[in-house]
Amino acid sequence: WCIERGIARQHTVRNEPHQNGVAERANQSLANGATSLLIESNLPPSFWGYAVQSFVYVRNRAPTSALPSSQTPYLSWFKQKPDVDHLRVFGCAAFVNVQKDQRRGLQSHTRKCIFIGYPAEYKGWLFYDPETKKTLISNAAIFDERSFPGLKKDA
């Protein structure tokens, strides 16, 4: 396939990632961004995937010098400005609305959760409930972006 299209394959030398600079720089930026989100939010490494997804989601909506006129990758791809009103601070406390069919009598109408991202194909947010140890999606929540309850025992 490569020969038919005039593409010459070149392999990088083992343990020499600097030979593939652009890809390695992108990987390093993702790893650094996800690590920063996890540290600041006091969430354990098991939330690494959520941190990477959130980092990429926000980064694609932020201007970059790699595009003309400091465009956003989102604008370049979809040809419309991204909505950023729904962006929240990763790992912050959130009081998620409990729907009527999920509660009884005088039970609380909210559940304290941790904001962990933006679910694909949903118009809402993704949360982690430390009490049930499950994720949930909701479009009704009150965020406390100054509070980071985290899950680390030593934090």
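Phenylalanine 115 has 0% relative accessibility, so this residue counts as buried; buried means under 20% relative accessible area, exposed over 50% and partly exposed in between, with a 1.4 Å probe and protein chains only. This is a predicted model, where local features need pLDDT of at least 70, side-chain atom pairs count only at pLDDT 80 or more, and totals for chains, interfaces and linings use all residues. Residues are numbered from 1 along each chain as its sequence is written, and side-chain values use heavy atoms, with hydrogens and water left out.

Now the rings. Rings of Phe, Tyr and Trp (its six-membered ring) pair if their centres lie within 6.5 Å; planes under 30 degrees apart are stacked, over 60 edge-to-face, the rest tilted. That rule gives nine aromatic pairs.

What is the geometry of the pair formed by phenylalanine 115 and phenylalanine 143? The centres are 5.7 Å apart and the planes at 85°, so this pair is edge-to-face. Phenylalanine 115 lies in strand S2 and phenylalanine 143 in strand S5 (residues 141-144), so the pair ties together parts 28 residues apart in sequence. Strands here are DSSP runs (E, at least two residues), numbered from the N terminus. Phenylalanine 143 is buried, at 17%. Ring pairs link Tyr57, Phe115, Tyr118, Trp125, Phe127 and Phe143 into a cluster.

Last, the strands. Two strands pair if DSSP finds at least two bridges between them. S2 (residues 110-117) pairs antiparallel with S1 (residues 93-97) over five bridges, and three bridges join S2 to S3 (residues 125-129), also antiparallel.

Definitions and conventions: Helix = DSSP H or I, 4+ residues; strand = E, 2+ residues; numbered from the N terminus.
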